[in-house]
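Here's a quick tour of one protein model, taken a topic at a time. Keep the 3D view open and click along as you read.

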Amino acid sequence: MGRSFDSRPDKSADGSRDNPRATGAVRLSDVAAAAGVAAMTVSRALNQPELVSERTRERVQRAVIETGYVPNRVAGALASSRSKMVAVLVPTVAHSLFADVVQSITDTLALEGYQVLLGLTGYQTQEEAAVVETVLSRRPDALVVAGTRHSEATRARLKAARIPVVEMWDMSDDPLDMLIGFSHRAVGEAVADYLLGCGYQRFGQAMADDPRSHQRAEGFNARIAAEQAARPDAGIAVTTCWAETPASLVGGRTAAASLLADMPDCEAIVCSSDTLAMGVIAEAQSCAMAIPQALAVMGFGDMSFAAATWPALSTVRIDGAEIGRLTAEHLLKRFESAGSGPVYDVLDVGFEIMARQTTLASRS
């Protein structure tokens, strides 16, 4: 015989009030009936299992599986001010670096019973603003967001939310709260110094059109400009091609073709991602250009394939998994502390130049 459901609103022992006719949701009272215990006993078995016997816990768990019951965590959050949910916002998960960050945050928080709500913001402040508004309506315990450049509306919402906020993957003199990342401008400067030190003088940049790539390009160009001023007769020059986001092999090939057309004597192409760099290499090889003898290529990210390609890709290593782990650990410490306001804690994890076979140590 099928079970009949009472269609009247019912406030369960977990604090929920729902209408099965309207929502199709199984109520805590249905679990209690299936287990043959009181609704309060079900609530205790789910939320404070140490207060009930092992036999009762097993009966309740069987009933939960039988009925397909899902606890109403929203109601519990209203009562405890904790949702056990952390919102993590990144531009994309198509890039393995961001995927590594998300996975590391998820794994670390899960050890303490927290779940991650993932939001994809793209590379525009308007998209980020819409996602922030939506996830904050879910009342997360904290919010993690990639980058530090937000619209004024987003900054105001994040401050008004009065929850811990971690900005990551960037550096700023004006963090919202906690900041864990590295300086993209410093990356650009370091890459320029490395390539100039190798003896390269004619540069192309294949850069994805997003804020952090712009910062790296600015740092690179600043160093090149300083070298041009110091050695005006050396013939040092740089040209830039902006590729669509997210980065792709096709985008890398297209950018390389454009750069080589603009600067036929280009000696090195600097890319905003390893993916673009692989496209640049493919385009160069299609033109019978030897790598690195005829053209050097520099990537960014040190993705899993970078060291295994032939020739092995010179790139900039960013430890995304470490950034994720540190982000989660900072949040967990914050949850344990008594304070509720921003702490303005900034951690620069740095980066590393990985000099491999797509660049020459010396062109002399």
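Predicted model: local features only at pLDDT ≥ 70, side-chain atom pairs only at ≥ 80, totals over all residues.

- Some background first: most residues other than glycine have a negative phi, and most peptide bonds are trans.
- Back at Pro 292, the peptide bond joining Ile 291 to Pro 292 is cis, and its omega is about 5°.
- Another cis bond runs from Thr 245 to Pro 246, this time with omega near -5°.
- To find Pro 246, look in the loop between strand E9 (237-243) and H11.
- Arg 139 isn't a glycine, yet its phi is positive, near 55°.
- You'll spot Arg 139 in the loop that links H7 with strand E5 (142-146).

**Helix pairs**

How do you describe two packed helices? You give the angle between their axes and the distance between the axes.

*H3 and H4*

- Helix H3 (residues 39-47) packs against helix H4 (residues 54-67) at an angle of about 95°, and the axes are 10 Å apart.
- An angle from 65 to 115 degrees counts as roughly perpendicular, so H3 is roughly perpendicular to H4.
- On the H3 side you have Thr 41, Val 42, Ala 45 and Leu 46, and they meet Thr 56, Val 60, Gln 61 and Val 64 of H4.
- Sort the residues of this H3–H4 contact by class and you get 5 nonpolar, 3 polar and no charged.

*H7 and H8*

- Helix H7 (residues 125-136) and helix H8 (residues 152-160) have axes 9 Å apart, with a packing angle of about 20°.
- Angles under 35 degrees count as roughly parallel, and H7 and H8 are therefore roughly parallel to each other.
- H7 brings Glu 128, Ala 129, Val 132, Glu 133 and Leu 136 to the contact, while H8 brings Thr 154, Arg 157 and Leu 158.
- The contact of H7 with H8 splits into 4 nonpolar, 1 polar and 3 charged residues.

*H11 and H12*

- Which angle do the axes of helix H11 (residues 249-262) and helix H12 (residues 274-286) cross at? It's roughly 55°, and the axes come within 7 Å.
- That angle makes H11 oblique to H12.
- The crossing of H11 and H12 is right-handed.
- Among the contact residues are Gly 251, Gly 252 and Ala 256 of H11, along with Gly 279, Ala 282 and Ser 286 of H12.
- By class, the H11–H12 contact has 7 nonpolar, 5 polar and 2 charged residues.

**The space inside**

- Rolling a probe the size of a water molecule over the atoms shows where empty space is left.
- How many cavities of 30 Å³ or more turn up? The count is 1.
- The largest cavity holds about 70 Å³ of space.
- Its lining has 13 residues, and Val 187, Val 191, Arg 216, Val 270 and Cys 271 lie nearest the centre.
- Helix H9 (184-198), strand E8 (202-208), helix H10 (211-230) and strand E10 (268-271) each give two or more residues to that lining.
- The lining of the largest cavity divides into 9 nonpolar, 3 polar and 1 charged residue.

Key. Residues numbered from 1 in each chain as written. Heavy atoms only, no water. 1 Å grid on protein atoms, 1.4 Å probe; cavity = no way out; pocket = protein on both sides within 12 Å on 5 of 7 lines; lining within 4 Å. Points joined across faces, edges and corners; volume = space filled by probe spheres on them. Helix = DSSP H or I, 4+ residues; strand = E, 2+ residues; numbered from the N terminus. Nonpolar A, V, L, I, M, F, W, Y, C, P; charged D, E, K, R; others polar. Axes fitted to C-alpha atoms, helices over the stretch in contact; angles between N-to-C directions. Parallel < 35°, antiparallel > 145°, perpendicular 65-115°, else oblique. Contact = heavy atoms within 4.5 Å. Left-handed = near helix turned anticlockwise from the far one by under 90°.
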